[in-house]
Amino acid sequence: MKNILRLRCQKWLFAGLFILGSFFMAGAQETFQNPILAGWYPDPAITDDGNGNFYMVHSTFAFYPGIPVFHSTDLVNWTQIGNVIDRPDQIELEGFGTSRAIFAPDISYDHGLFYVTCTVVDGKGNFVVTAKDPAGPWSDPVWLPEVLGIDPGLFFDEEKSYIVYNSDPPNNEPLYDGHRTIRMMEFDKENLKTVGENRILVNGGVDISTKPVWAEGPRIYKLNGYYYLMTAEGGTAVNHSEMIYRNRNIDDEFIPYEENPILTQRHLDPDRPNPITSAGHADIVQHPNGDWYGVFLAVRPYEGDHYNTGRETFMTPVKWENDWPIFDLGGEEIKYEYPLPEGVTLNKDLFPLNGNFEFKKDFNEKELALHWLFLRNPKEEWYDLNERSGYLVMKTRPETVSGTSNPSFISHRQQHLTGEAAISLEFETKKPNEKAGLIAFQNESHFYFIAKSYEGNSPVVQLYRGNEGGEELLASKKLPSSAKEIDFKVEFDEDQYKFFYKTGSDWVNLGGELDGKYLSTRVAGGFVGANLGMYTTSNGEASQNKAAFDWFEYSGNDGVYHKKQD
């Protein structure tokens, strides 16, 4: 009898454990993770084509290709399908600093045609491009000289179209630092040009008596019998916030919501665990199931306001209260996960963009995948995937990452606070100026570079740190003359970076622990995050050498996502 009872108890226990395990497994599939696009994918803008397809674009500054285009049918599973700026002659990026040039694109759709508006900061200003297929090709830019400012976006009404943008204060006479306006002009969508005079929709912000700064990122929607104007305010750092206005007639004054802001984290304790800060520059869209969601940029600082992953794209539900849209955070804090939209499941087969993941690229493709980034436009064919099977071959050229031209540099965004990246390299030289290896790059003066080179009649591995003068040597070690293949690795954990090399079976650390804050936006400045990638240079001298990269691998292991695996 006891054996029977024990067997029954075991069956009940196993059944219970099975049910409990199934519950947790199902639970792991019932949420999406934030950020939805990890790594520096800032300034999101989203549109749909009315047929269940959503498209999202982001800033890329001086990196190329420019303005990635992502596609989804459910707002959760995203795939990059192209880049708006994918021809070197579309927009000139030569001479721009890392965080200049392509700022805050907006994407919209009207009667079979997609439009992207954007700004080339420090360049020719605002432009519009069009495409019938958002995967491309996109047209050459049509410049909009009358649109003075940044962050242009289009709104298509029944009979007229408009362009709305951030601009100068009235009469270009600021009342305080950061005083800006939101302005609107009629837009001729057939001829891609503005019509008539501009009109000020917002002066300063919701309440100019409080001296609000940097009203920007405007979007206009027509819903529920209202015209809504949504703008960012407070700057793109910790005081970032999102405001909403509305009116019944687009020609009337836009009235702000009494409970603004509808999205911010500026009032929360900066020392809270796993903070998400700087939320703003948002866009909203309706899911096919009828629910509403909003995308926006935010950051994940690891200490104070330091972060190396840049400004990333997050998403939360949006609720409506008295016909006002409000970001539904589920409390005051933005969460790292939210329930999946009804009817949506996660597609694990897509190239990973969020949560913890790993991947390896063996360079067996005929073309580079869309996630790779160059610095500025490549004007010549200095890289090749077909010259040597299974290798990415890059010419060793005079250009350097310290300059403002196009060096032999191909990178992937750092998408985690904790993780690693590694490469395998074949490179031979007997010239001290020629180097090839693995780089962790933030901007022209803030990077780490571990490389194979030549010094004192011997091959060497060297570790450099970028600075305002170019770079400084941190460590060096001789290599055996027989070492033709070498692997490099960087391990990063918030504010600590370690670099390694391997010519045999064991990794060797070079340089000890390095200051990761040096690659943070707070220290380096600008609007991008760190990039990890492959780089070779002859440092200003002509060269006929080449570096052959066998593979690149990346893995991310942020602690905040571990609970989903327990």
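Author: The side chain of Asp487 makes a polar contact with the side chain of Ser424, at 2.7 Å. A polar contact is a pair of N or O atoms within 3.5 Å; within protein, one must be able to donate a hydrogen and the other to accept it, and residues adjacent in sequence count only if both atoms are side-chain atoms. The model is predicted: local features need pLDDT of at least 70, side-chain atom pairs count only at pLDDT 80 or more, and totals for chains, interfaces and linings use all residues. Residues are numbered from 1 along each chain as its sequence is written, and side-chain values use heavy atoms, with hydrogens and water left out.

Asp487 sits in strand S35, residues 485-493. Helices (H or I, at least four residues) and strands (E, at least two) are DSSP runs, numbered from the N terminus. Asp487 is buried but has no salt bridge. Buried means under 20% relative accessible area, exposed over 50%, partly exposed in between (1.4 Å probe, protein chains only). A salt bridge needs a side-chain nitrogen of Lys or Arg within 4 Å of a carboxyl oxygen of Asp or Glu. Lys and Arg count as positive, Asp and Glu as negative; His and the chain ends are not counted. For Asp487, the nearest side chain of opposite charge is Lys502, 4.1 Å away. Leaving out residues up to four places away in sequence, Asp487 touches Ile423, Ser424, Leu425, Phe500, Tyr501, Lys502, Trp507 and Trp551. Contact means heavy atoms within 4.5 Å.

Lys489 lies over the face of Phe500, at 5.0 Å from the ring centre. The test is NZ of Lys or CZ of Arg within 6 Å of the ring centre and within 35 degrees of the ring normal. Arg413 lies over the face of Trp40, at 4.7 Å from the ring centre.

Glu434 lies in the loop between strand S30 (418-426) and strand S31 (435-443). The Glu434 side chain makes polar contacts with the side chains of Thr429 (2.6 Å) and Asn545 (3.0 Å). Beyond four places in sequence, Glu434 touches residues including Thr396, Phe427, Lys452 and Ser543.

Thr194 is in strand S14, residues 193-203. Thr194 is buried, with a relative accessible area of 13%. A polar contact of 3.2 Å joins its side chain to that of Glu146. The C-alpha atoms of Thr194 and Leu144 are separated by 7.3 Å, though 50 residues apart along the chain.

Now the rings. The whole structure holds 38 aromatic pairs. Rings of Phe, Tyr and Trp (its six-membered ring) pair if their centres lie within 6.5 Å; planes under 30 degrees apart count as stacked, over 60 as edge-to-face and the rest as tilted. Tyr228 and Trp320 are edge-to-face, 5.6 Å centre to centre with 70° between the planes. Tyr228 is in strand S16 (residues 226-233) and Trp320 in strand S22 (residues 312-321), 92 residues apart. Tyr228 counts as buried at 1% relative accessibility, whereas Trp320 is partly exposed at 25%. Ring pairs also link Phe351, Phe357, Phe359, Phe363, Trp372, Phe492, Tyr497, Phe552 and Tyr554 into a cluster.
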